[in-house]
Amino acid sequence: MDVSTTLARLGNAAASFLNGKHQLFIDGKFVDAKSGKTFDVFEPASGQMVAKVAAADAADVDLAVNAARRAFEEGPWSKMIPSQRAKLINKLADLVEDNAEELAQIESLDNGKPVTFARMIDIGGTVDMLRYMAGWCQRINGETITPSIPGDWHVYTLREPVGVVGQIVPWNFPLAMASWKIGPALAAGCTIVLKPAEQTPLSAIRLAQLIAEAEFPPGVINVLPGLGETAGAAIAAHPGVDKVAFTGSTEVGKLIVRAAAGNLKKVSLELGGKSPVVVFPDVDMQAAIPGAANAIFFNTGQVCTAGSRLYAHKKVFDQLVEGVVGVAKNIKVGVGLDPATQIGPLVSDEQLFRVTGYIAAGQKEGAKVAVGGKRIGEDGYFVQPTILTDTNPSMSVVREEIFGPVICAMPFDDNDLDRIAREANATSYGLAASIWTSNFGVAHKMAKRIKAGSVWINTHNMVDPAVPFGGYKQSGWGREMGHQAIELYTETKSVFASL
Ligand code: ADP
């Protein structure tokens with residue numbers, strides 16, 4: 001397949017954006033990288049190059065951090081009255097909404113995801129997140145406290161922005177992940193250096209244009225496309241950055257923590273997962289079959305909360321696997337910009353290699369392929385939705401995050417919730433889990449026993465700007481969304497006044 005087929009589906013706005021320059025956004029201006037370097041962006045359905053993007057490195061990070069520092073210390077941002085900050089964030093949300101179709105097409109082209117999902121989930125989610133966080137601007141308050149010290153006192157706390165924050169985001173939901181980061185940071189009054197993933201920098205560059213159009217003061221949000229090991233590493237290590245927020249792999253999360261140690265910048269991390277889907281024998285199969293299928297196949301399985309381990313009671317195991325196999329066979333895999341597509345390609349050749357490598361390793365260790373298992377075609381990064389059976393926890397496919405449309409199905413023959421939970425929890429990750437049963441007593445008892453930041457009952461992959469999200473164990477530090485996200489971007493100051 002040639003990339004021209006995909007490009008022909010772009011509307012005028014997205015096509016004109018693609019043909020424009022793709023630069024860094026520093027201190028309110030679009031500029032080339034100091035080094036003059038660029039990197040290539042590939043379209044995942046064809047594997048062909050569609051854009052050249054300025055590649056930030058340490059020198060550009062330095063300029064951006066300085067701009068963010070000025071905007072924070074001297075500039076209007078941290079001193080702006082909260083309602084004015086909210087107005088600007090809402091203006092950005094309106095602009096994203098006004099340009100939703102174009103942004104959805106850019107996201108689909110860059111990431112490969114179905115344009116219909118991009119519009120609803122990625123772009124719609126971004127608008128919702130920005131509006132929710134705009135509402136926090138006027139709700140961030142300290143408290144008054146009565147101490148037990150003899151005398152007359154006035155004691156209170158102030159909630160102040162952390163300062164300059166570095167934000168490094170991944171390629172699976174590029175714009176939405178950027179909004180999860182910039183929304184609460186802006187609401188708290190921080191200034192930002194944002195780095196999109198090198199696989200998918202385009203929507204963040206378009207967002208930078210909308211930030212300029214919204215008239216945020218220069219330096220408040222700087223957008224620096226660049227490679228992880230150069231631009232990303234420079235942000236994580238920079239002594240002028242007060243906090244780094246990262247979403248990505250657990251492996252890189254550990255590098256961020258090490259790099260952040262230099263100035264002990266605050267760190268929040270949203271990392272990998274290996275989420276179990278636990279199905280009890282009394283389940284409603286009409287809901288569980290599409291539920292388990294969606295849990296793993298949505299976004300081609302490139303979701304940190306993907307339901308990648310299917311644990312079903314042996315009474316329903318065969319029927320469930322058969323049902324999910326049926327769904328997998330009928331899913332329309334195709335080019336993201338085709339409105340009929342339900343699953344796009346994987347994001348990159350690296351990801352294709354990784355996913356097919358895991359499937360092969362699983363088979364070598366004794367897993368059986370119930371459906372799928374192969375790359376589709378020769379062009380682009382397509383892989384079949386795959387179900388592996390005869391898997392067990394000693395296999396790499398069961399232990400490690402594959403980040404593709406591959407589910408490992410395992411039956412259990414047990415009624416003891418502690419033992420079932422122990423199996424579900426037998427992973428170094430703890431991001432999410434879903435429990436499928438008609439018995440709400442069982443569901444809530446299991447919810448308590450699961451060691452994960454999000455537990456879903458008779459659903460999977462549900463998020464909302466008001467509901468905290470993050471990981472136990474090696475799935476991360478801190479919680480995004482809800483009021484917890486504001487806490488990530490504020491410091492508490494205690495003031496004692498002797499009267
Ligand atoms: P994946 O393995 O799924 O591609 P990564 O964790 O590598 O995910 O990437 C997530 C984000 O982290 C991307 O923006 C990437 O550029 C960035 N990144 C990768 N390596 C580093 C690093 N050493 N330091 C800082 N950021 C990095």
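How many nonpolar, polar and charged residues does the shell around the ligand have? The shell has 10 nonpolar, six polar and two charged residues. Here Ala, Val, Leu, Ile, Met, Phe, Trp, Tyr, Cys and Pro count as nonpolar, Asp, Glu, Lys and Arg as charged, and the others, Gly among them, as polar.

A word on the model. This is a predicted model, where local features need pLDDT of at least 70 and side-chain atom pairs pLDDT 80 or more, while totals for chains, interfaces and linings use all residues. Residues are numbered from 1 along each chain as its sequence is written, and side-chain values use heavy atoms, with hydrogens and water left out.

Back to the ligand. Of the 18 residues around the ligand (a heavy atom within 4 Å), Val169, Trp171, Lys195, Glu198 and Ser249 come nearest.

Now the polar contacts (pairs of N or O atoms within 3.5 Å). Trp171 places a polar side-chain atom 2.8 Å from a ligand oxygen. Gly228 uses a backbone N or O atom, 3.3 Å from an oxygen of the ligand. At Ala233, a polar backbone atom lies 3.4 Å from a ligand nitrogen. Alone, the ligand exposes 550 Å² (Shrake-Rupley method, 1.4 Å probe), and the protein buries 83% of that. Helix H9 (228-237), strand S10 (243-247) and helix H10 (250-260) each give two or more residues to the shell. Helices (H or I, at least four residues) and strands (E, at least two) are DSSP runs, numbered from the N terminus.

Last stop: helix H12. Helix H12 covers residues 314-330, 17 residues in total. Its buried residues (under 20% relative accessible area, 1.4 Å probe, protein chains only) include Val316, Phe317 and Leu320.

Technical notes
Expected span 1.5 Å × (residues − 1). Buried < 20%, exposed > 50% of the residue type's maximum accessible area, 1.4 Å probe, protein only. Polar contact = N/O pair within 3.5 Å; in protein donor to acceptor, adjacent residues only side chain to side chain.
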